[in-house]
Amino acid sequence: MDSLDLIVNIAAATLRLGTPLILAAMAGLLSLQVGQVNIGLEGLMLAGAFTVVAVGFATQSVLVGLLAAIVVGMLLAAVFTLVVTRLKANLIIAGLALNLLVSGGTAYLLSVLFGTSGTFSPPDLESLPSLYIPGLSDLPVLGRLLFSFSPLVYMSWLAVPLVAIFLYRTVPGLHIRAIGQNEEAARSVGIPVRARQYLALMLGGALCGLAGAHLAVGDLALFREDMTAGRGFIALAAVYFAAGRPGFSALACLLFGLFEAVQFRLQLASSTPPQFFQMLPYLMVVVTLALISARKEWRKGWS
Amino acid sequence: MSFLELRGIRKTYPGVLANDDISLHVEAGEIHGLVGENGAGKSTLMKLLYGMEQPDAGEIRLNGKRVMIANPQDAIRLGIGMVHQHFQLVPSLTVAENIALGAEPRYGPFLNRFRLRRQVQALSEQFGLQVDPNALVSDLPVGLQQRVEILKMLYRNARLLILDEPSAVLTPQEVESLFGVLRRLVAGGCTAIFITHKLYEIMALCTRATVLRRGRVVGTVQTVDTTPSEIARLMVGHEVEAPVITEAPADGRRRPRLEVRNLQITSGSRRATQIDLTVFGGEILGIAGVEGNGQQELVEALIGVADGVSGEVLLDGESITRVPTRTRRERGLALIPEDRQTEGLSKAMAIWENLSAGDYYQQAQGLGVLPLGQMRAMAAGLLNRFDIRATDERVGVGTLSGGNAQKVVIARELMRDPSVLVAVQPTRGLDIGAAGFVQEQLLRLRGAGVGVLLISADLDELLALSDRIAVLFNGRIVAQFPRAAATREQIGLAMAGKTMSENIL
């Protein structure tokens, strides 16, 4: 029973830790498909995390905070779109700038608004309530695996098919894919290219807002400086190694979630400095990416 | 009243007068040719007509009414359709999705795939243009991609079809079939503007043709009343002389300079090729073939940048199969690459730097210091010798015209007296003057005993310059003809992979 317990615990942690990655990966996917890869996912998430805590604290409502996080994510994404399309800024530089701006901006606001630095944990702000369905949530294993999370976890599961349907079944989705591959062609048949770019990137902004909110109020209710810790980049890596496919991107995110969950366990069970274990998930991402591309090369050689 | 009338169109870009007082009538139901050298203003004029640019002055009238065309949507609404020289297709989408892109049948926000497929099928039957609506565009050969572009115009009910150099990428048979399609469309009530610089196409297809030179109309001719050389004279502004070709020296006196034996390339996803050929000194061996049939693989194997090569390549009798590129060049192999801007030159660098790119390392002095002054002086000499028109050798290559940029490539490759020259599409995109210069250089090398391998998609050029023509299809040489025995039809068939019993191998 002990080992089953451990497995269920790790599985549940995997799903929880995978959530912000999945949401951010869907945002990265949209940006990749529209041809404007957004490496500012990190910044958008962090802005979402800060907003949900700050607004949630001010209004004493975590739900209002959540909506505000979505709005802030979309606004920042709109600014990003403006900068990389109309103002023709370099994608990499604009994305890095967004990350630095939010990282510095949230630290600054933290000190100006709340007179603190590092971590801000408003005492009377509650985390998002977990789902509780009488009966189902009490089931021995399934209950903890499927019916015990905060609503954002389920939202991330929903986001994957929704994004897939949007991209592959709707007309705006078709336009977004066309723009990403051949912007000139899209323009020449009268597709409103700018509007579609805003659409794809701002949807991504909303998803990142949610991702950040989950980090901040999914389980606990606190904001820590740079609490996204590279998750925006991990999400983007997941999208790349799934070659832009929504379902596989989500699975890749869960894989990283698993690395993180295991890492926490190892930390608890060992006297080795925790930083060593914290490094492991990132190392695993590099190893996995390298293995996958090595396999591709190997296959090519034999075809 | 003309179907389309342009009056006094004028368009300037910073420092360039692209269109100057252009007036032009196109009658309903005609195929109107638009000819002129590169830079004569054809493309600019068509961009104005399709709403991609705005004229500074002048007016456009359709059916006698003045129209404003602010963007491509306006053009589409007015029934103007355009097949761009570079296809405007999205490779990962299907044929049907590409045809309808921007005007898809919807079901709420969703794409109505069922209706889309039916519409495309109906359209393709109505105009006799067979396509598989569900095929991915990336899987289609070039000829079919062009068909998709034409269907795209028809899907939007275009009545005025603009085709920008549509034949450049096709085999002769595909060109014939394109002409058939255009004739049918015109018979069915469409009007077409056909942009080209191939004169025989104008003569074969168009009723009238307008000639542009340096942004101005220099004449509109009835094709029945004129000759190709008359049109050429209008295009260039003076008489044009065809390059004079002397007979090649008799076989007995020739020695093989480049021999390719059982060359196979099996790296990665590349098409496996198997090529045997010999280029003799003092001859031009032309390689015909539709792009993507192994030309690039052959060139990469010859210059030594391909992986997974087996077989043998001999230069003047010595194997260079396992020799690095630098050594090959030192032994006398020269290359005019297909894309001068990306493969032939470094755009960001000056002329003199590009000219010394092949052998700078031989000039290095103690501690690897380069004698820059000396290199510049040498470059200045080459500027003169190869008639490169630039203020001086320090000018950036990126600012040169196509012809002058190509001359820089040629100067670099020829200054060390190569024994074999591999020339890939050496005149593509050049005006008649510069193309003539390049062709003269090839013939001069041939006269000097160099072996020239000329790879080109332009059959006219191959027929004009080559002593022999080999046809590459699907990674193999499928036919070889001596010039006297080569006809467009035979070569065209071989390019399409049709074998003939009377092949002279």
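Modeller: Contact here means heavy atoms within 4.5 Å. The model is a predicted one. With that cut-off, and leaving aside neighbours within four places in sequence, A:Arg196 is in contact with B:Arg106 on the other chain, as well as with A:Val34, A:Pro172, A:His175, A:Ile176, A:Ile179 and A:Ile191. A:Arg196 belongs to helix H9 of chain A, residues 193-217. Its relative accessible area is 15%, and because buried means under 20%, A:Arg196 counts as buried. One of its contacts, A:Pro172, lies 24 residues away along the chain, with 7.1 Å between the two C-alpha atoms.

Now the interface as a whole. Chain B contributes 26 residues to the contact and chain A contributes 22. The size of an interface is often given as the accessible area lost when the parts come together. For chain B and chain A that area is about 1,900 Å², with 59% of it on carbon and sulfur atoms. On the side of chain B, 23% of the area buried against chain A comes from B:Gln88, B:Leu101 and B:Arg113, more than from any other three residues. Helix H2 (72-77) and strand S8 (110-111) of chain B each supply at least two residues of the side that touches chain A. The largest share of that side, three residues, comes from H2(B). As for polar features, the rule finds eight residue pairs in polar contact across the interface, both residues being at pLDDT 80 or more. It finds zero salt bridges between chain B and chain A.

Over all chains, by contrast, the count comes to 28 salt bridges. One of them joins the side chains of A:Arg16 and A:Asp219, at 3.5 Å from N to O. A:Arg16 is in helix H1 (residues 2-33) of chain A, while A:Asp219 is in the loop between H9 and strand S2 (223-224), so this pair ties together parts that are 203 residues apart in sequence. A:Arg16 is partly exposed at 29% relative accessible area, and A:Asp219 is partly exposed at 44%.

In chain B, B:Arg329 and B:Glu413 form a salt bridge whose closest N and O atoms are 3.0 Å apart. Another pair, B:Arg233 and B:Glu230, meets at 3.1 Å from N to O. Those two residues both lie in helix H8 (residues 228-236) of chain B, three residues apart, or about one turn of the helix. B:Arg233 is partly exposed, at 28%, and so is B:Glu230, at 29%. Also in chain B, a network of salt bridges links B:Glu5, B:Arg7, B:Glu59, B:Arg61 and B:Arg66.

Back in chain A, A:Thr81 sits in helix H3 (residues 62-84) and is buried, at 0% relative accessibility. Beyond its neighbours within four places in sequence, A:Thr81 is in contact with A:Arg86, A:Gln197, A:Tyr198 and A:Leu201. On the surface, A:Leu136, A:Leu139, A:Leu142, A:Leu146 and A:Trp157 form a nonpolar patch with about 390 Å² of accessible area together. A:Leu142, in helix H5 (residues 142-146), counts as partly exposed at 45% relative accessibility.

Note on methods: Residues numbered from 1 in each chain as written. Chains lettered and ligands numbered in written order. Predicted model: local features only at pLDDT ≥ 70, side-chain atom pairs only at ≥ 80, totals over all residues. Heavy atoms only, no water. Patch = residues over 30% accessible without salt bridge, like charges linked within 9 Å, V, L, I, M, F, W, Y side chains within 5 Å. Areas by Shrake-Rupley, 256 points an atom, 1.4 Å probe, with all protein chains shown as cover. Salt bridge = Lys/Arg side-chain N within 4 Å of Asp/Glu carboxyl O. Helix = DSSP H or I, 4+ residues; strand = E, 2+ residues; numbered from the N terminus. Buried < 20%, exposed > 50% of the residue type's maximum accessible area, 1.4 Å probe, protein only. Buried area = accessible area lost by both parts, 1.4 Å probe. Polar contact = N/O pair within 3.5 Å; in protein donor to acceptor, adjacent residues only side chain to side chain.
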